Amino acid sequence: MAVAVVMDFAGATLEQYDRVMELMGLAPRGPAAPGGLFHWVARTDTGIRVVDVWETKEQFEKFAEEQIGPYTQQAGFTGPPDIKFVDVHNYQTTP
């Protein structure tokens, strides 16, 4: 079942986020990571919020362990995000 992942990174900046994306080899408006269905990021009053939809929670957790954790540390994020998971009933994409 698809899962939405809401990640709030306190104190993080969009510049740090851009560095993480570069380290991951992911381009703006480009394809998502394998298993990822949708992704967006926005600045918040306290840092940044990243929202993804993944094919499965397990795929996200593997990606987080292998890439999100190490690369956010390398880019200077001050700590791990606050994460919320939501089961997705439906999602749509463009052909």
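Mentor: Contact means heavy atoms within 4.5 Å. This is a predicted model, in which local features need pLDDT of at least 70 and side-chain atom pairs count only at pLDDT 80 or more, while totals for chains, interfaces and linings use all residues. Residues are numbered from 1 along each chain as its sequence is written, and side-chain values use heavy atoms, with hydrogens and water left out.

Trainee: At about what angle to S1 does helix H2 run?

Mentor: Helices (H or I, at least four residues) and strands (E, at least two) are DSSP runs, numbered from the N terminus. Axes are lines fitted to C-alpha atoms, for helices over the stretch in contact, and angles run from 0 to 180 degrees between N-to-C directions. Helix H2, residues 57-74, lies across S1, S3 and S4, and its angle to S1 is about 20 degrees.

Trainee: In what order do the 4 strands of the open sheet stand?

Mentor: Two strands pair if DSSP finds at least two bridges between them. S3 pairs in the antiparallel sense with S1 over 8 bridges and with S2 over 7 bridges. The pairing in the open sheet is antiparallel, and the order is S2-S3-S1-S4.

Trainee: Which are the edge strands?

Mentor: An edge strand here pairs on one side only. That applies to S2 and S4.

Trainee: Is Gln16 buried or exposed?

Mentor: Gln16 is found in helix H1, residues 14-24. Beyond four places away in sequence, Gln16 touches Gly11, Ala75, Gly76 and Phe77. Buried means under 20% relative accessible area, exposed over 50%, partly exposed in between (1.4 Å probe, protein chains only). Gln16 has a relative accessible area of 16%, so Gln16 is buried.
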